[in-house]
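I opened my notebook to look up two things. The entries follow in the order I checked them.

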Protein chains: 2
Amino acid sequence: MASKQTDKPVSSSQRALMELREMIFAGYLPAGSDHLETELAEQLKMSRTPVREAILMLEGQGLLQMRPRKGVRILPLSPEDMAEIYDVLTELESLAAENAAAFGYSAQNLSGLAQAIDDMDHAIKGPDLQAWARADNRFHKELVRLGGNRRAQAIVDMMSDQVRRARATTLTLRPLPTKSNADHRKVYQAIKEGDRSVARETHRAHRRHAKQIIVDILAKHSLRFV
Amino acid sequence: MASKQTDKPVSSSQRALMELREMIFAGYLPAGSDHLETELAEQLKMSRTPVREAILMLEGQGLLQMRPRKGVRILPLSPEDMAEIYDVLTELESLAAENAAAFGYSAQNLSGLAQAIDDMDHAIKGPDLQAWARADNRFHKELVRLGGNRRAQAIVDMMSDQVRRARATTLTLRPLPTKSNADHRKVYQAIKEGDRSVARETHRAHRRHAKQIIVDILAKHSLRFV
DNA sequence: GCATTTATTTATGTATGCATTATGGGCTGC
DNA sequence: GCAGCCCATAATGCATACATAAATAAATGC
């Protein structure tokens, strides 16, 4: 659990990648803002080269866009963007639920899911929205991991990052997700019982519902996000 | 249709990206092979910088992997990889089919699909497998475009590229896709009639079937691909 | 005074050079 | 003869320097 004795000497481009991501998620680089390579390099105390490499990778992940001579733009998320993202998440997570059910996992193997569900229950009673969001993330991430499709995992990770950018805001505006955990339990049950179609369709319905809630909120408040 | 009078002066990194892609697809950089940045730069007649940038992008697209001091490895595709890819394609294309059906496109808007289907019919009579593959690509690409989800489009493009690497081989080993076009027509009809669930499920079944055929071939021949 | 053209500035794209570090080979000692 | 260590080599990661092209400011002509 503890890091290696001396902190690992991670490469500059890796550090740039991580730090830029954090700066974006923390809102320090707000959606829609532009930033010159030189400025970013200065802030990260390194040369433009590793910063450029990080920017290229982040562009591939859809977090920003390089615009020659305009600087890199942190991409805003419109309600339509969010709808797209949720649709992709819906499909790939449903696939994962189906595949997980087909795997025949033991209760032991599913303990991560169960734990996340319990944590969500607990967080709702608080209510502690941050804790709920973290547990919800864990549930979805674990579900996709159990699905066993690494490409789907990578895509879901990417898209989840984008959702995360909007989370700070949507979390406070959406109704308390009290019903949500009933869905989660149903998915969990179906996976444990190896019922592929129930796992798939239940999760699918769950995600479509979530999409509706989030997109409605964004649209109603005419919000574009970080 | 004609390109601009003088050929567009694309940047070196763009050129590196395109040319490396072509070199991979053409099998000039075979799956599993390793290549030093310096060698590639030499072949492309440019410095390492733009080559590195292209490599970074291609790594993000899953075509290769940077391995410090070992060179970049062109990633092989195992039957399991292909199964993963087909599963993702199945989900996202089915989503596209459903959304396309929901859009209420006119026959005019669907002419691209219809044309691709006709071309496939024609190619099968040849039989001209290359022409069939091109038309099949067009059908799937157009379907996803009609779905309107740009993120799904980007992902499908990426995954289709990977399938394309195996195409040269699978195409000659698989049975003639004579039944395939019946599915395509059914999907087309459902989209035109706005029947979301038929469009979705028909395409889904179509893709799952295709997956089975391809994966079986790869497994039977113990093939890893380019 | 306005529009058009020209000059200047400046961000990016690319090349080059250097420091670091891993890898392979050779050498030494047992 | 084998194992382990050390050194040489070379590939990468990064910094820096420079050329190019775009955007802005300036200037000139009408």
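Which N or O atom contact does a base oxygen of DNA strand C make with a side chain, and at what distance? I found a base oxygen of DNA strand C 2.9 Å from an N or O atom in the side chain of Arg69(B). I note that this is a predicted model.

A phosphate oxygen of DNA strand C sits 3.0 Å from a side-chain N or O atom of Ser13(B).

Then I took the whole surroundings. I listed 18 residues around DNA strand C. The closest are Arg52(A), Arg69(A), Ser12(B), Ser47(B) and Thr49(B). Of the atoms of DNA strand C that come within 4 Å of the protein, 58% belong to sugar and phosphate.

I sorted the surface near DNA strand C by class: 7 charged, 6 polar and 5 nonpolar residues. I also asked which helices supply it. Helix H3 (48-60) of chain A gives at least two residues, as do helix H1 (12-25) and helix H3 (48-60) of chain B. H3(B) gives the most, with 3 residues.

Last entry: Gln162(B). I located Gln162(B) in helix H7 (residues 150-173) of chain B. Is Gln162(B) buried or exposed? Gln162(B) counts as buried because its relative accessibility is 3%, and the cut-off for buried is under 20%. Setting aside neighbours within four places in sequence, I found Gln162(B) in contact with Arg151(A) from chain A. Its contacts in chain B are Gln61(B), Gly62(B), Leu63(B), Leu77(B) and Ile85(B).

How values were computed:
Residues numbered from 1 in each chain as written. Chains lettered and ligands numbered in written order. Predicted model: local features only at pLDDT ≥ 70, side-chain atom pairs only at ≥ 80, totals over all residues. Heavy atoms only, no water. Near = heavy atom within 4 Å. Polar contact = N/O pair within 3.5 Å; in protein donor to acceptor, adjacent residues only side chain to side chain. Helix = DSSP H or I, 4+ residues; strand = E, 2+ residues; numbered from the N terminus. Nonpolar A, V, L, I, M, F, W, Y, C, P; charged D, E, K, R; others polar. Buried < 20%, exposed > 50% of the residue type's maximum accessible area, 1.4 Å probe, protein only. Contact = heavy atoms within 4.5 Å.
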